[in-house]
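The following exercises concern the secondary-structure packing and the ligand surroundings of one model. Each task is followed by a solution in steps.

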Amino acid sequence: MTTTIPEQPSPQGAPKGTALLEAKGVIMRFGGLTAVRDVSLTVGSGEIVGLIGPNGAGKTTFFNCLTGLYVPTEGTVSYRGTVLPPKPHLVTQAGIARTFQNIRLFANMTVLENVLVGRHTRTREGLLSALIRGPGYHRAEARSRERAMELLAFTGLAGKAEHLARNLPYGEQRKLEIARALASEPGLLLLDEPTAGMNPQETRATEELVFAIRDQGIAVLVIEHDMRFIFNLCDRVAVLVQGEKLVEGTSDVVQSDERVIAAYLGEPFEGAPADEAEERENDR
Ligand SMILES: Nc1ncnc2c1ncn2[C@@H]1O[C@H](COP(=O)(O)OP(=O)(O)OP(=O)(O)O)[C@@H](O)[C@H]1O
Ligand SMILES: [Mg+2]
């Protein structure tokens, strides 16, 4: 894996540690069900923040509220101090990119074409220019391809540029989702279960990739069920249980919090006390 992304994410300039994303009092109701209950969360520049919680806790719903897929019932989401309109393309334009828990690639397009689609929000060439196909169009097109190839190299997919997305093994499809998200040149990347279905080696490689992304100046908010991955990676971790934020803190604090261990009973994770694990076994 290469470790350079020559082009920096835009917009630039937030010093490390300042608030990039600020979600305040987010509530999401579906009829009688409240999936997200008054959740506030901040992600600072330069940070990797984890979002964990049992199945159905509201993690993906919260991501959908952050990215404009859902209009929260209450609450606001700000990015770099400006409240975001709940429209996915405007959120992407503002500088937030995401991947999906259920991979959403264009299966019959090539790997390179998938990344070029992700780049779309950052190219200034309009419809007229595309129709005329003048020099401006060709320059922009060449630059887009060059940038897409850089991102494929960065994510370890350069050799697969011309393969159809649907022919990639599962782990590489997840990497391609990340490359496509990076193509919009985000300042913040949201990853929804990036290692789901991966083997341990692929998971380790993804961990390195997320560190490399952060080192390029892109903050990361990541949902994962793999606790080892989360606690290795994250500066801060927030725990959602039944739509509510139960705990938030450093990996050390969160790992040893009894409420968190209790919330995960039935879903053992590395670091859980052995006697608790045994109790679980006995209960079965
Ligand atoms: N569009 C929707 N309409 C109605 N209910 C929904 C909708 N989306 C999510 N929910 C419900 O909201 C709750 C939270 O679901 P969500 O997918 O956010 O959980 P999650 O924490 O991401 O779980 P997992 O770890 O399994 O991915 C669930 O009860 C789910 O059924
Ligand atoms: Mg989910």
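## Ligand shell

The shell around ligand 1 comprises 4 nonpolar, 7 polar and 1 charged residues; Ala, Val, Leu, Ile, Met, Phe, Trp, Tyr, Cys and Pro count as nonpolar, Asp, Glu, Lys and Arg as charged, and the others, Gly among them, as polar. The model is predicted: local features require pLDDT of at least 70 and side-chain atom pairs pLDDT 80 or more, whereas totals for chains, interfaces and linings use all residues. Residues are numbered from 1 along each chain as its sequence is written, and chains are lettered from A and ligands numbered from 1 in the order in which they are written.

**Exercise 1.** Identify the residues that surround ligand 1 and the elements that supply them.

*Solution.*
- Step 1. The shell consists of Phe30, Leu33, Ala35, Gly53, Asn55, Gly56, Ala57, Gly58, Lys59, Thr60, Thr61 and Gln101; a residue is near a molecule if its C-beta atom, placed from the backbone, lies within 6 Å of it.
- Step 2. Strand 2 and helix 1 (59–66) are the elements that give two or more residues to this shell. Helices (H or I, at least four residues) and strands (E, at least two) are DSSP runs, numbered from the N terminus.
- Step 3. The most is given by helix 1, with 3 residues.

## Sheets

**Exercise 2.** Determine the strand order of the sheet of 4 strands and describe the pairings of strand 1.

*Solution.*
- Step 1. The 4 strands form an open sheet in the order 2-1-4-5, with antiparallel pairing; two strands pair if DSSP finds at least two bridges between them.
- Step 2. Strand 2 and strand 5 (82–83) are the edge strands, each pairing on one side only.
- Step 3. Strand 1 (residues 19–30) is joined to strand 2 (residues 33–44) by 8 bridges, and valine 26 has valine 39 as its bridge partner in strand 2.
- Step 4. These two strands form a hairpin with 2 residues between them, and glycine 31 in the turn has a positive phi of about 55°.
- Step 5. Strand 1 also pairs with strand 4 (residues 74–79) over 5 bridges in the antiparallel sense, where alanine 23 stands opposite valine 77.

**Exercise 3.** In what order do the 6 strands of the mixed sheet lie?

*Solution.*
- Step 1. The order of this open sheet is 6-7-8-3-9-10.
- Step 2. Its edge strands are strand 6 (96–98) and strand 10 (244–249).
- Step 3. Neighbouring strands are turned by 20° against each other on average, direction ignored; axes are lines fitted to C-alpha atoms, for helices over the stretch in contact, and angles run from 0 to 180 degrees between N-to-C directions.
- Step 4. Strand 9 (residues 236–241) and strand 10 run antiparallel and are joined by 5 bridges, with leucine 240 partnered by lysine 245.

## Helix packing

**Exercise 4.** Characterise the packing of helix 3 against helix 6 and against helix 5.

*Solution.*
- Step 1. The axes of helix 3 (residues 111–119) and helix 6 (residues 170–182) come within 7 Å and cross at roughly 35°.
- Step 2. Val111, Asn114, Val115, Val117 and Gly118 of helix 3 make this contact with Leu176, Ala179, Arg180 and Ala181 of helix 6; two residues are in contact if their C-beta atoms, placed from the backbone, lie within 7 Å.
- Step 3. By class, these residues are 6 nonpolar, 2 polar and 1 charged.
- Step 4. The axes of helix 3 and helix 5 (residues 135–154) come within 9 Å and cross at roughly 115°.
- Step 5. Helix 3 and helix 5 are therefore roughly perpendicular to each other, a term that covers angles of 65 to 115 degrees.
- Step 6. Val111, Leu112, Val115, Leu116 and Arg119 in helix 3 meet Ser144, Arg147, Ala148, Leu151 and Leu152 in helix 5.

Key
Parallel < 35°, antiparallel > 145°, perpendicular 65-115°, else oblique.
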